Protein chains: 2
Amino acid sequence: METIALAEVAAVLADPSRAAMCLALLDGRAWTIGELAATARIAVSTASEHVTRLVDAGFVERLKQGRHAYVRIADPRVAELIEHLAQHADRRAPTGLRSSVRVRKLEFARTCYDHLAGRLGVALRTGMVARGLVDTGAGLTLTGRGREVLTGLGVELGVRERRPLLRDCLDWTERREHLGGGAPAALLARALAAGWVERGHQPRAIRVLPAAAEPFGALGVDLDTLEEPAF
Amino acid sequence: METIALAEVAAVLADPSRAAMCLALLDGRAWTIGELAATARIAVSTASEHVTRLVDAGFVERLKQGRHAYVRIADPRVAELIEHLAQHADRRAPTGLRSSVRVRKLEFARTCYDHLAGRLGVALRTGMVARGLVDTGAGLTLTGRGREVLTGLGVELGVRERRPLLRDCLDWTERREHLGGGAPAALLARALAAGWVERGHQPRAIRVLPAAAEPFGALGVDLDTLEEPAF
DNA sequence: CGCACGTTTCGGCGGCGGCCGAACGATCCG
DNA sequence: CGGATCGTTCGGCCGCCGCCGAAACGTGCG
């Protein structure tokens with residue numbers, strides 16, 4: 001039976017420690033075993049075993065480099081799968097309110113695997129929809145104008161990507177949807193390369209630089225009104 | 001931590017019996033507990049317990065009707081999630097060749113949750129792409145002509161659906177992709193209503209009727225050349 | 001060349017959860 | 001109203017798997 005394959009792959013994510021590690025890895029970067037052990041609050045030995053299982057399942061890959069072993073998500077499709085699963089989990093969460101300072105600091109702008117999330121990510125979705133760059137009629141589609149504007153900003157929309165250009169993404173700290181998919185990934189890459197934003201010290205943190213005002217304005221995001229928390 | 005929510009939802013699918021039940025339910029219809037127990041080869045009592053867990057997790061819903069309890073997938077999004085997961089499982093399966101007669105009979109035409117699969121499903125994808133009704137540039141999109149043709153056939157494309165109109169779907173018996181998403185779901189509904197196809201006796205079986213020739217021809221599928229197995 | 005640090009392997013412990021059969025409950029039918 | 005059929009609940013058994021600390025391994029650095 002093929003059916004056991006499904007159970008096997010689900011079982012890999014079914015452990016709290018492994019789940020925590022995968023969620024951490026959604027920042028798209030490579031973590032060491034030690035770091036992963038720390039965030040999951042387990043012994044390194046245990047973390048190492050978990051990584052082995054994740055590798056066998058094709059979720060992550062191990063990169064040996066000197067005496068360190070780096071671990072990262074194997075494939076964008078894996079990231080989407082994890083997000084998809086997390087999204088369902090989120091949907092039926094009684095959910096207490098989020099609290100920690102660490103999370104608060106990440107609320108404004110951060111990455112979600114390979115695209116922007118946080119309030120900035122949410123604003124991007126709202127802005128692009130308001131300007132008619134994205135259509136929400138059935139699923140999400142990039143309009144002709146949307147394509148023009150992104151291209152004008154130097155964002156390279158890979159034509160041969162397998163995943164859709166746009167999808168709704170609801171990551172695990174933010175309650176509202178932001179934009180995932182190929183186009184937002186390309187946008188983040190462009191934003192980093194062009195110095196509109198840069199990575200902060202915390203894993204998923206993003207700092208917005210002055211140069212971001214113009215390009216993000218073109219996407220319907222007014223950074224000035226966004227900068228300060230609403231409350 | 002929210003992270004445990006991910007593990008919890010994964011844990012629900014992490015059991016072989018529950019996975020088998022979910023896969024069976026992907027035919028989109030309501031099954032009784034007894035039937036589910038039989039396909040999963042477990043005692044009814046155990047199956048009942050599993051259904052309870054699946055309900056609590058929001059994957060399926062229980063419909064009491066007389067002395068029977070029917071179970072079905074709660075939501076198209078759940079079906080997509082399961083398919084997504086199964087797809088990843090499939091991707092890294094050493095995979096023996098499929099054999100059983102039962103599967104062979106379903107190869108030609110069957111449903112995959114709420115849309116067409118099997119060789120017919122695959123041909124539909126190929127045909128619509130060949131006719132320029134579907135564009136595969138980046139992700140999958142329905143072209144203007146595609147929309148016209150479907151509408152002309154009486155297929156109602158719900159504008160307010162949340163899921164995308166088209167997505168690639170690779171179900172667990174077929175190796176090649178077929179079309180999933182809102183549009184193919186609407187197409188199947190129309191095909192059943194209009195008498196182009198009808199449901200067979202096996203759970204996922206679909207029988208193609210003569211009236212199908214014309215509408216499917218418009219979608220680039222030549223049923224005559226497809227009818228007989230290639231080997 | 002040896003120590004230190006990061007990682008992996010091993011052995012053993014403990015708990016969770018899936019499994020069944022039996023008893024109970026509910027519903028339909030004669 | 002009784003017997004048949006389906007489902008659910010309960011109790012108890014068993015195996016799997018996540019956990020840790022200790023020890024082995026390998027790489028870089030002094």
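Helices, taken as DSSP runs of H or I spanning at least four residues, and strands, taken as runs of E spanning at least two, are numbered from the N terminus. In this predicted model, the largest share of the surface near DNA strand D comes from α4(B), which supplies six residues. At least two residues of that surface are contributed by each of α4 (44–56) of chain A and α3 (33–40), α4 (44–56) and β3 (68–73) of chain B. DNA strand D is surrounded by 21 residues, among which Ser45(A), Gly66(A), Gly34(B), Ser45(B) and Ser48(B) are the closest. When the surface near DNA strand D is divided by class, 10 residues are polar, six are nonpolar and five are charged.

For DNA strand C, the largest share of the nearby surface is supplied by α4(A), again with six residues, while α3 (33–40), α4 and β3 (68–73) of chain A and α4 of chain B each provide at least two. Of the 21 residues around DNA strand C, those that come nearest are Gly34(A), Ser45(A), Ser48(A), Ser45(B) and Gly66(B). The surface near DNA strand C comprises 10 polar, six nonpolar and five charged residues.

The contacts of Ala10(A), when residues up to four places away in sequence are not counted, are with residues of chain B, namely Ala10(B), Leu13(B), Ala14(B), Ala19(B) and Leu85(B).

Note on methods. Residues are numbered from 1 along each chain as its sequence is written. Chains are lettered from A and ligands numbered from 1 in the order in which they are written. This is a predicted model: local features need pLDDT of at least 70, side-chain atom pairs count only at pLDDT 80 or more; totals for chains, interfaces and linings use all residues. A residue is near a molecule or strand if its C-beta atom, placed from the backbone, lies within 6 Å of it. Ala, Val, Leu, Ile, Met, Phe, Trp, Tyr, Cys and Pro count as nonpolar, Asp, Glu, Lys and Arg as charged, and the others, Gly among them, as polar. Two residues are in contact if their C-beta atoms, placed from the backbone, lie within 7 Å.
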